[in-house]
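Dear colleague,

Please find below the structure that I am handing over to you.

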Amino acid sequence: MRILPTSIAFAICVATGGIAQTSDPLASELATIEQQIADVQAKIVLYDGGLIKGLAEARLEALLLSKTLIENRINAESGGAIVEVTVSATQPDEVRAQQLLGEMASTQQRIDEAENEAAQGGGLVQALALSRAETEKLTLAQLQMGYLQAKYGIAFPVPAAPAAAVEPAVSESPAATAEEGTSAVSGVPWADPEFPDIDYSMAAFEQAHKEGDRISGWWAIKTEHAAVDDSLQITAVNYSAYNPSDYAGLTALVARCVEGETAFIFVQDDFLIPDFRRNTFDITLRLDDATAQQTRWNGLTSNKGAGLFGRDAEDFIRSIYESKRLFVRLTEKNGQNHDAAFDLSGGKDAFEEVAEACGWTTLSLTKDDYRAIQTLLNAGGFDTGTPDGQWGAGSKDAMKAFQISVGIPATGAPDRVTLQKLGFGG
């Protein structure tokens, strides 16, 4: 026997002061842990990232360490090959082992409850339940370590802090280097290859390209900084109703963020007569094949369009996020109609950039959704305070801290990219 100061080589620690045990119970423990390892490995491959995957990976490390140490004990008792792991010596403690079995049973009950909740729910509530289940499973794996130590005298080394994960570099796609040559889509370098049916040789797109705008489908997205405070300023223009022979003016949709305020505007080419008492216009909207709806939009100071501003604009953009077509009819006070039909292709990129600049999410979230996100941030060490479903300053600061930690823009908003990083949606 090779004795080390205050510790022993685990693989040969089998004959000192009651530590030796029969291998049959250990074989059963090993089979259980091997099944748990298989289960958690299957879980990990379902997630691209986020807290749920991180918890599962931490649990896998704990289980693999338990597996290695149990295999070493079994091999040592049978005189087989040994993988040496040096750990502190410990004595079995049957009373503590029984206490830990009780804690393990309680933890397993909480796991079952969380998994049942996840099976019955959906969306963010389901993701929160899955995260809670994975947290409890990590706790269970740690309790198993304590149990093996108390039952069999198997001590565990203290693991070193894991190195920060480094995401692999992503090579540029052909679309990202389109400026180097002519696009095969429409014969121009600024064409968006995702939408080959659009005529990108139009003068509006050419001018947008010259001004440095990014083209996404029918949208030209301009990025600037506001003169008053250097805040990010995004203006996205949809040219699908553009008529190059109409010299009176431009008919377009505009989504924008300027100095922290969101706007969604219908611009058309005639001088309009509003309801001067309210400075608004009657608007008829139809999304895709849905029933047309009536509403009112605010008139523009230019009297050449109407729009929504602030929260109203945010809500409207959320409502059209997944739509493909938008019909707009603006009715003047004298009854004259101005119609336009827009193809919204590429709009998701435009809407996300506007939302990011103004610090809101294109997702339609309920109070319960916000509470679930707050709870998950708290579980990850990003303190939002008591989860109450109100997305206030504390929640925004916690979200910004999380966003910085994973290398994405710190908007403070639970946007789609951020929720994917958190583990929502798998």
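Predicted model: local features only at pLDDT ≥ 70, side-chain atom pairs only at ≥ 80, totals over all residues.

Residues are numbered from 1 along each chain as its sequence is written, and side-chain values use heavy atoms, with hydrogens and water left out.

Helices (H or I, at least four residues) and strands (E, at least two) are DSSP runs, numbered from the N terminus. Helix H9 covers residues 393–405 and reaches 18 Å from its first C-alpha to its last. That is close to the 18 Å expected, which is 1.5 Å times one less than its number of residues.

Ser 395, Ala 398, Met 399, Phe 402 and Gln 403 of H9 are buried (under 20% relative accessible area, with a 1.4 Å probe and protein chains only). Seen down the axis of H9, these buried residues fall within an arc of 140 degrees, so they line one face of the helix; the arc is that of the directions from the helix axis to the C-beta atoms. The face turned away from them carries Ala 393 and Ile 404, which are exposed (over 50%). Just after H9, Gly 407 takes a positive phi of about 75 degrees.

Strands S12 (residues 325–331) and S13 run antiparallel and are joined by seven bridges; two strands pair if DSSP finds at least two bridges between them. They form a hairpin with five residues between them, and Gly 335 in the turn has a positive phi of about 95 degrees. Phe 327 stands opposite Ala 341 in S13.

Yours sincerely
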